[in-house]
Amino acid sequence: MLIETEATPNPATVKFIPGRVVMGMGTRDFATPEEAEASPLASALFGLGDVTGVFFGGDFISVTIAPGAQWIDVKPDILSILLDHFSANMPLFTPGSAGEIFVPEEEFADDPEDAEIIAQIRELIDTRVRPAVANDGGDIIYRGFDKGTVYLRMQGACSGCPSSTATLKNGIEQLLKHYVPEVTEVRAV
């Protein structure tokens, strides 16, 4: 089995591509070892000590390491854990746990009068933004729209990425403003 790796715009995060489906539907972000207890794979990665974030995408895993850690030291151990996991066809989540169930964080209360605008925003995010962000090893989740401001949550490689502010302001905000004139600003939450 071959696991490909790709650099992401976030120097602390690398995208690992096992050549098979990781998450059948949706994504899952683990920001702490406690959150990772729902997944044997995420737990094993956090167990390395230098890992500070694990993100499961449709066909990839993004791993973030701590400041001061070096990829040259950590990458072989991560690859070994991933190879063992996928070669043995181990489950992604602990059986009998609610690990595969992901209840999204509460969104901002959208005004029903903005339903058409919100539908346009969601469509643009799902078709134009999320695929591009997934290529970089992350995801972006719609959280709400209020008085011209769109609230988004960055996950995976995008969370904590030095260029995420530029991506939000110069990329996503400009795209949404262009197609949805009611949008005046985009903010990360």
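Where does helix α5 bend, and by about how many degrees? The bend lies at Glu173 and amounts to about 30 degrees, taken as the angle between axes fitted to the seven residues ending there and the seven starting there. The model described here is predicted, so local features need pLDDT of at least 70 and side-chain atom pairs count only at pLDDT 80 or more, while totals for chains, interfaces and linings use all residues. Residues are numbered from 1 along each chain as its sequence is written, and side-chain values use heavy atoms, with hydrogens and water left out. Helices (H or I, at least four residues) and strands (E, at least two) are DSSP runs, numbered from the N terminus.

Strand β1 (residues 4-7) runs antiparallel to β2 and is joined to it by four bridges; two strands pair if DSSP finds at least two bridges between them. Five residues lie between β1 and β2 in the hairpin that they form, and Glu4 stands opposite Ile17 in β2. On its way through the sheet, β2 (residues 13-17) also pairs with β5, again in the antiparallel sense, over four bridges. Here Lys15 faces Ser62 of β5, and Phe16 stands opposite Ile61. Strand β5 in turn pairs with β4 (residues 51-56) in the antiparallel sense over five bridges. Val51 has Ile65 of β5 as its bridge partner, and a hairpin of four residues links β4 to β5.

How are the two faces of β2 covered? Thr13, Lys15 and Ile17 on one side are buried, as are Val14 and Phe16 on the other, where buried means under 20% relative accessible area, exposed over 50%, and partly exposed in between (1.4 Å probe, protein chains only). Because five of its five residues are buried, β2 is largely enclosed by the rest of the structure. Strand β5 (residues 61-65) is mostly covered too, with five of its five residues buried. On one side of β5 these are Ile61, Val63 and Ile65, and on the other Ser62 and Thr64.

Helix α3 (residues 71-87) comes next. Its 17 residues reach 23 Å from first C-alpha to last, close to the 24 Å expected at 1.5 Å a residue; the expected span is 1.5 Å times one less than the number of residues. The buried residues of α3 are Trp71, Val74, Ile78, Ile81, Leu82, His85 and Phe86. Seen down the helix axis, they fall within an arc of 120 degrees, so they line one face of α3; the arc is that of the directions from the helix axis to the C-beta atoms. The face turned away carries the exposed residues Ile72, Asp73 and Asp84. Among the elements covering the buried residues of α3 are β2, α2 (40-46), β4 and β5, with contact meaning heavy atoms within 4.5 Å.

In soluble globular proteins, nonpolar side chains tend to be buried together. In this model, the largest nonpolar core has 27 residues, and those with the most contacts inside it are Leu45, Val54, Phe56, Ile61, Ile78 and Leu82. Such a core is a set of buried Ala, Val, Leu, Ile, Met, Phe, Trp, Tyr and Cys residues joined through side-chain atoms within 4.5 Å. Two or more residues of this core come from each of β2, α2, β4, β5 and α3, and α3 gives the largest share, six residues. Apart from this core lies another, of 21 residues, among them Ile117, Leu124, Val133 and Val180.

The 21 residues of α4 should span 30 Å at 1.5 Å a residue, and its end C-alpha atoms are 29 Å apart, which agrees. After α4 comes Gly137, which has a positive phi, near 90 degrees.
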